[in-house]
Amino acid sequence: MIKVLYSDDGVVMLRPLTMQDAEEHHAGQDDEYVTWLDDAESSEESVRRHIADVEKAWEAGGPFYSFAIVVDGALAGTITAEVGREGLESNQADIVYGLYPATRGRGIATRAVMLVVSFLDQIPGISEAITRVNPENPKSRSVAERAGFEPMTTAEAEADENDWLSTRVSLVPAEQR
């Protein structure tokens, strides 16, 4: 399985998030990052617990894959794809992303989302990527739309307070990969 991905223009690299990223990840988080992703106070201890779970998931081959978003050699944020999440179909993966303040507004999140969608093509049975965006976070919705996501209308999406957007992972049907 390919775990390190580069954008076509070489600006963004994704690699598995590791414990070596804990201090930089904690330092990079601001109120906006924590509000939209964690909705809780962030501490170095909670970051370390989270990254320990991330490393175990990578070792186990899922169900979630958390990447460090790296720009100019520095950690710029994180992005996670999760399969088997409650409320999703078995062919769907949920994508969650966030950038640190210094790297927002440069197209980095859009590139990272597109890279994770291409990564999901390696996961057997996954043919659709989903992102659920809080309606009060229009920047996140714009990222998804620039990455090719479109609004979903399903019973699950309609019942959720978040806006659901989706895109195909591959042109090859999941059952044929």
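## Helices across the sheet

In this predicted model, helix α4 (residues 108-120) lies across strands β1, β2 (12-16), β3, β4, β5 (92-99), β6 (128-133) and β8 (163-168), and runs at about 155 degrees to β5. Helix α5 (residues 138-146) lies across β5, β6, β7 and β8, running at about 20 degrees to β8. Helices (H or I, at least four residues) and strands (E, at least two) are DSSP runs numbered from the N terminus, contact means heavy atoms within 4.5 Å, and the axes are lines fitted to C-alpha atoms, for helices over the stretch in contact, with angles from 0 to 180 degrees between N-to-C directions.

Residues are numbered from 1 along each chain as its sequence is written. Because the model is predicted, local features need pLDDT of at least 70 and side-chain atom pairs count only at pLDDT 80 or more, while totals for chains, interfaces and linings use all residues, and side-chain values use heavy atoms, with hydrogens and water left out.

## The sheet and its central hairpin

The sheet is open and has eight strands in the order β1-β2-β3-β4-β5-β6-β8-β7, with mixed pairing, where two strands pair if DSSP finds at least two bridges between them. Its edge strands are β1 (5-6) and β7 (150-151), each of which pairs on one side only.

Strands β3 (residues 64-71) and β4 (residues 74-83) run antiparallel and are joined by eight bridges; serine 66 stands opposite threonine 80 in β4, and valine 71 stands opposite alanine 74 in β4. On to the next strand, seven bridges join β4 to β5, again in an antiparallel arrangement, and the bridge partner of alanine 81 in β5 is isoleucine 95. Strand β4 is mostly covered, with eight of its ten residues buried, buried being under 20% relative accessible area, exposed over 50% and partly exposed in between (1.4 Å probe, protein chains only).

## Nonpolar cores

The largest nonpolar core holds 45 residues, of which Leu14, Phe67, Ile69, Ile79, Ile95, Leu120 and Phe149 touch the most other members. Such a core is a set of buried Ala, Val, Leu, Ile, Met, Phe, Trp, Tyr and Cys residues joined through side-chain atoms within 4.5 Å. At least two residues of this core come from each of β2, α3 (44-60), β3, β4, β5, α4, β6 and α5, and the largest share, nine residues, is supplied by α4.

A second, separate core has five residues, including Leu88, Ile130, Met152 and Trp164.

## Aromatic pairs

A search of the whole structure finds five aromatic pairs; rings of Phe, Tyr and Trp (its six-membered ring) pair if their centres lie within 6.5 Å, and planes under 30 degrees apart count as stacked, over 60 as edge-to-face and the rest as tilted. Tryptophan 58 and phenylalanine 119 form an edge-to-face pair, 6.0 Å centre to centre and with 65 degrees between the planes. Tryptophan 58 lies in helix α3 and phenylalanine 119 in helix α4, so this pair ties together parts that are 61 residues apart in sequence, and both residues are buried.

The rings of phenylalanine 67 and phenylalanine 119 have centres 5.0 Å apart and planes at 85 degrees, so they too make an edge-to-face pair. Ring pairs link Trp58, Tyr65, Phe67 and Phe119 into a cluster.

## Loops with particular backbone features

In the loop between α3 and β3, where proline 63 is placed, the peptide bond from glycine 62 to proline 63 is cis, with omega near 15 degrees. The hairpin of β3 and β4 has two residues between the strands, and aspartate 72, found in this loop, has a positive phi of about 55 degrees although it is not a glycine. Aspartate 72 counts as exposed because its relative accessibility is 73%.

Asparagine 162 has its place in the loop between α6 (155-159) and β8, and counts as buried because its relative accessibility is 19%. Not counting residues up to four places away in sequence, asparagine 162 touches Arg132, Val133, Asn134, Pro135 and Ala157. A polar atom of the asparagine 162 side chain lies 3.5 Å from the backbone nitrogen of asparagine 134, where a polar contact is a pair of N or O atoms within 3.5 Å; within protein, one must be able to donate a hydrogen and the other to accept it, and residues adjacent in sequence count only if both atoms are side-chain atoms.
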